[in-house]
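The sequence and the model come first, and the notes follow.

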Amino acid sequence: MRLWSLHPKLLDRAALVAGWREGLLAQKVLQGNTKGYRNHPQLDRFRAGGDPAVLIAGWLLPLAQEASVRGYRFNRKLIVATPSPAGSLSVTQGQLELEFAHLRAKVTKRAPEWLHHLDTPAPHSLFRLTPGPVEPWERAVEHR
């Protein structure tokens, strides 16, 4: 599961579609509607930030909006809570940079034509950027 801290406009088609799918799974997990992934570290920040259902809705809606811009139809009715406002959670510069490098590596292999979109990391609208290293919940191989 990868719930990107990056702005959805940076995500290639595969990352956008997978993010939507994984975000909907995260929503179910955070509501207690599934037994799997309950201890996934990517969910820690949503649990610690207040109302997890509202926060994950605030993460999902911008993905659906970006999908619409690209001509995809993500079913927004699957978002079960009123989305939290922009800037409701924080993300560190170190985390954003790690994810940006991770996305660039993936895009280089699967969709090199998308690389021109990846000049500068930008945070997802749910997150406000703060100074700091990679987040403690991150389990990416590059971080270990």
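Which backbone nitrogen does the side chain of glutamate 99 reach?

## Glutamate 99

The model is predicted. In it, the side chain of glutamate 99 comes to 2.5 Å from the backbone nitrogen of serine 5. Glutamate 99 belongs to helix 4, which spans residues 93-110.

Glutamate 99 has a relative accessible area of 0%. Buried means under 20%, so glutamate 99 is buried. With neighbours within four places in sequence left aside, its contacts are Arg2, Leu3, Trp4, Ser5, Leu6, Arg45, Trp137 and Glu138.

## Glutamate 138

One of those contacts, glutamate 138, sits in the segment that follows strand 2 (127-130). Its relative accessibility is 3%, so glutamate 138 also counts as buried.

Arginine 2 is joined to glutamate 138 at 3.0 Å, and glutamine 95 is joined to glutamate 138 at 2.6 Å.

In soluble globular proteins, nonpolar side chains tend to be buried together. Here the largest nonpolar core contains 38 residues, and Trp20, Phe46, Ile56, Trp59 and Leu103 have the most contacts inside it. Two or more residues come from each of helix 1 (13-30), helix 3 (52-69), strand 1 (89-92) and helix 4. Helix 3 contributes the most, with 9 residues.

Phenylalanine 46 touches Leu3, Leu30, Pro52, Leu55, Ile56, Trp59, Leu89 and Leu126, when residues up to four places away in sequence are not counted. Leu3 is also among the contacts of glutamate 99.

How values were computed. Residues numbered from 1 in each chain as written. Predicted model: local features only at pLDDT ≥ 70, side-chain atom pairs only at ≥ 80, totals over all residues. Heavy atoms only, no water. Helix = DSSP H or I, 4+ residues; strand = E, 2+ residues; numbered from the N terminus. Buried < 20%, exposed > 50% of the residue type's maximum accessible area, 1.4 Å probe, protein only. Polar contact = N/O pair within 3.5 Å; in protein donor to acceptor, adjacent residues only side chain to side chain. Contact = heavy atoms within 4.5 Å. Core = buried A, V, L, I, M, F, W, Y, C linked by side-chain atoms within 4.5 Å.
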